[in-house]
Amino acid sequence: MNPETSAPPPRSPAWWDQRYAEGSTPWNTEVVPPELHELADSGLLRPPGVALDLGCGTGTNTLFLAGLGFVAYGIDVAWLALVQARQKAVRAGAAAYFCQGDVADLDFLPVPAMFALDMGCLHSLPPAGRARYAASLGRRVQPGGQYLLYGFDEMPEGEGGVAGFAPGEIAERFAPWFNVVWRRPSWQGERPVAWYLLQRA
């Protein structure tokens, strides 16, 4: 069998599982980002309540949110990542739950959330998926809730592998449900990125 024809399609659940099986996961740093620590220390996060970690991977940030006092749900398409996340949650005795699912369709979740985190998941979706994601998150986060997002800025076509966000895209895409509190530009290697904090209207 030709390996080129047998490889799973890029960005499919099988593709993500293959990356975890190969250990080819540079995004999986096992480090809680300083921006999330800062938000927790600021008092803007108000547990108890439900927190969502969208594209949670092996659950590092989900467990951090559980440690703050949230009931934390991690959602990812990669089954192998979720196996590792569940093992970590059991060892930690944490109130963290992990679901294999589509981050652009959160209607399967049983309860509304007060906080949502996305560390580089939304920017990997095509425009139609981003629109579904924004509407789904708007239905799932309660008024007054917070949403912390990290993603690539837009790059010229063919560069960087992920399209990233166009200028003003986040404010426009989430406008019916969320207001942008702040945007903080940064860099990942040679690529521009940004952090966004949004609040549910």
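pLDDT is the predictor's confidence in each residue, on a scale from 0 to 100. This is a predicted model, where local features need pLDDT of at least 70, side-chain atom pairs count only at pLDDT 80 or more, and totals for chains, interfaces and linings use all residues. Residues are numbered from 1 along each chain as its sequence is written, and side-chain values use heavy atoms, leaving out hydrogens and water.

Q: Where does pLDDT stay under 50?
A: Over residues 1-5, for which the model has one contact (heavy atoms within 4.5 Å) beyond four places in sequence. The protein's mean pLDDT is 89, with 92% of its residues at 70 or more.

Q: Why are α3 and α4 called roughly parallel?
A: The axes of α3 (residues 34-42) and α4 (residues 60-68) cross at roughly 10 degrees and come within 12 Å. Angles under 35 degrees count as roughly parallel, and therefore α3 and α4 are described that way.

Q: Which residues make the contact between α3 and α4?
A: Leu36, His37 and Ala40 of α3 meet Asn61, Phe64, Leu65 and Leu68 of α4. By class, this contact has five nonpolar, two polar and no charged residues. Ala, Val, Leu, Ile, Met, Phe, Trp, Tyr, Cys and Pro count as nonpolar, Asp, Glu, Lys and Arg as charged, and the others, Gly among them, as polar.

Q: What makes β6 and β7 a pair?
A: Pairing takes at least two DSSP bridges between two strands; 10 bridges join β6 (residues 178-188) to β7 (residues 191-200), and these strands run antiparallel. Trp182 stands opposite Leu197 in β7.

How values were computed:
Axes are lines fitted to C-alpha atoms, for helices over the stretch in contact, and angles run from 0 to 180 degrees between N-to-C directions. Helices (H or I, at least four residues) and strands (E, at least two) are DSSP runs, numbered from the N terminus. Angles under 35 degrees count as roughly parallel, over 145 as roughly antiparallel, 65 to 115 as roughly perpendicular and the rest as oblique.
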